[in-house]
Amino acid sequence: MRRAGVPLLVGLVVVAAGIVLAMVRVNPYIYFAGCVVLQYVVIATAWNILGGYAGYVNFGTPAFFAMGAYTAVFLIQSMRAPLPVLLVAGGLVAALLGLGIGYLTLRLRGVFFSIATLALSVVLQTMIMNWEYVGGSRGMSVLRPSGPPFGSYVTFLFTVMVGLAVIAVLVARFIERSWIGRGLAALRDNEEAAECMGVPTLRLKLFATTVSGFLLGVAGAPFPYYVTFVEPNSAFALDYAVNALAMPMIGGTTSWVGPVIGAVLLGTAQQLATVTISSEMNLFIVGVVLVAFVVLAPEGILGLVRRLRGR
Amino acid sequence: MAPPLLEVQGLVKRFGGFTALNGVTLSVKAGERFGLIGPNGSGKTTLINCVSGVLPVNGGTIRFDGREITALPPHQRTRLGIVRTFQIPKPFTSMTVLENLGIPLEYAGAGRAGAEGNTDAGEILKTIGLDAKAHLRPAGLTQIEMRKLELARAMAARPTLLISDEAMAGLSSTEVDDILTILFRLNAQGITIIMIEHIMRAVMRFSERIVVLDAGERIAEGTPAEIVRDPAVEKAYLGE
């Protein structure tokens, strides 16, 4: 019990640090950029539960993220629901979608599963584009609620994002170290052998797709309040698909630390590039770094560290 | 007479228009050393894929320990005690040899994890003769060690029926003897064993009873001595 408490304590310390940082009011851009980086910590961590632990590569991250975002838009539009409701509802809708693609794994493995998730993203985007109530293809402005508990709304969202990132990482870490994580690793290595060694592979895969989907949806739920204008092209942006995959790959997919390292490094680099060079540099940077890692260090930064330590 | 441990009744398996198993019936008694032979493509591996649940069947029933298991998913059959090895070893490549055994210990062996699981795994590795390699990844193992890992991992699932699918193919004759010794020892511990093998010397020495498959049908059954004299078997292997 004692040992289980330590990561929780660390998580609380991180959240507290986030709140303190929000209180000191440094340059507002820091919070703005910080939100994006933290959002990517959640996305990369969530993606890795399915892609890293279970080995099912999901190219449909935008679909899950946008499900969270558009569930929020719908709830804001229809009942001006408060942020906590948006987070939970966005997560649940994306979790349902996750459960759905979980059943796809019955028939689709490897690259075929990935193609299906990519197609899913395209299909959902088309549907949203034709749904006028949430703005259709023109998009929709969202008014932020007045009077956040402290500071500006973006500083408030920053602290929320710190909290979400901590929760996502704790969930991933828990899964990784439990019997679930060991079962997922077995089915990633060899699904048939895992099943024949008593691992209920279908149930574990459904668990992974659902939890991963839930966290991706949660990451997307604050999006309307963050950007205040939601349209399909930004909610279903290719950036999410590429980053969600690149960040864990660069950090290392076998441990919860990997996606965090990848998201912080790559997310920060992208934010810096956006300010100093141009916003178009974002995906270019990811592309170059990803290719370099896949060729030179396929096990990511964690793998490099392990190799340097001589293990 | 005690009911058989495994009872396969009229098993049919088709792949599209091709009938791989055409009404195969056989039964295996508890504690028996049972051999399953037949020429290439006769349906041996398909049969054990059906018995272990990896492939759904198109007809017939499979009963294990008096219970119908025809529709059960593989992991539940494993938990009941039917454990198989793979013809081409399928180790968990990201794990050490010891961790490989941890998976069935945790999942098939009714929640035995942690330190106790580790000692169990250590014991199994010692019996199989793989304890020196416990902390290596499968990539660092030789062919025979890989086969031994398959067997060790199957042992960790606590089988009552062990199905060994060509555990000796490609091994040298001393290595074959090595594996045979292990299988004899497991059988002496009370584990029923079905051996699928091409190496006649091994299967004839090991089996108490043999069933011969040819083109998806059962063509003979008997003791090794009866099988070698059976004209139908000779025809299946050598032609007219």
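Modeller: A residue is buried if 20 or more other C-beta atoms lie within 10 Å of its own. Bear in mind that this is a predicted model.

Colleague: Fine, so why does Lys90(B) count as buried?

Modeller: Lys90(B) has 21 C-beta neighbours inside 10 Å, and the cut-off is 20 or more, so it counts as buried.

Colleague: Where is Lys90(B) in chain B, and what is it in contact with, leaving aside neighbours within four places in sequence?

Modeller: Lys90(B) sits in the loop between strand E6 (82-84) and helix H3 (97-107) of chain B. With those neighbours left aside, its contacts are Asn190(A), Glu192(A) and Ala193(A).

Colleague: Over to helix H2 (residues 28-53) of chain A: how do you know that its span agrees with what a helix should give?

Modeller: At 1.5 Å a residue, the 26 residues of H2(A) should span 38 Å, and the end C-alpha atoms are 36 Å apart, so the two agree. There is still a kink of about 35 degrees in H2(A), centred on Trp47(A).

Colleague: What makes you call H2(A) mostly covered?

Modeller: Of its 26 residues, 19 are buried. Just after H2(A), Gly55(A) takes a positive phi of about 75 degrees.

Colleague: How do helix H3 (residues 61-79) and helix H12 (residues 238-251) of chain A cross?

Modeller: Their axes come within 7 Å and cross at roughly 115 degrees. H3(A) contributes Thr61(A), Pro62(A) and Phe65(A) to the contact, while H12(A) contributes Tyr240(A), Ala241(A) and Ala244(A). By class, that contact has five nonpolar residues, one polar and no charged ones.

Key: Residues are numbered from 1 along each chain as its sequence is written. Chains are lettered from A and ligands numbered from 1 in the order in which they are written. This is a predicted model: local features need pLDDT of at least 70, side-chain atom pairs count only at pLDDT 80 or more; totals for chains, interfaces and linings use all residues. Helices (H or I, at least four residues) and strands (E, at least two) are DSSP runs, numbered from the N terminus. The expected span of a helix is 1.5 Å times one less than its number of residues. The bend at a residue is the angle between axes fitted to the seven residues ending there and the seven starting there. A residue is buried if 20 or more other C-beta atoms lie within 10 Å of its own, exposed if 12 or fewer, and partly exposed in between; C-beta atoms are placed from the backbone. Axes are lines fitted to C-alpha atoms, for helices over the stretch in contact, and angles run from 0 to 180 degrees between N-to-C directions. Two residues are in contact if their C-beta atoms, placed from the backbone, lie within 7 Å. Ala, Val, Leu, Ile, Met, Phe, Trp, Tyr, Cys and Pro count as nonpolar, Asp, Glu, Lys and Arg as charged, and the others, Gly among them, as polar.
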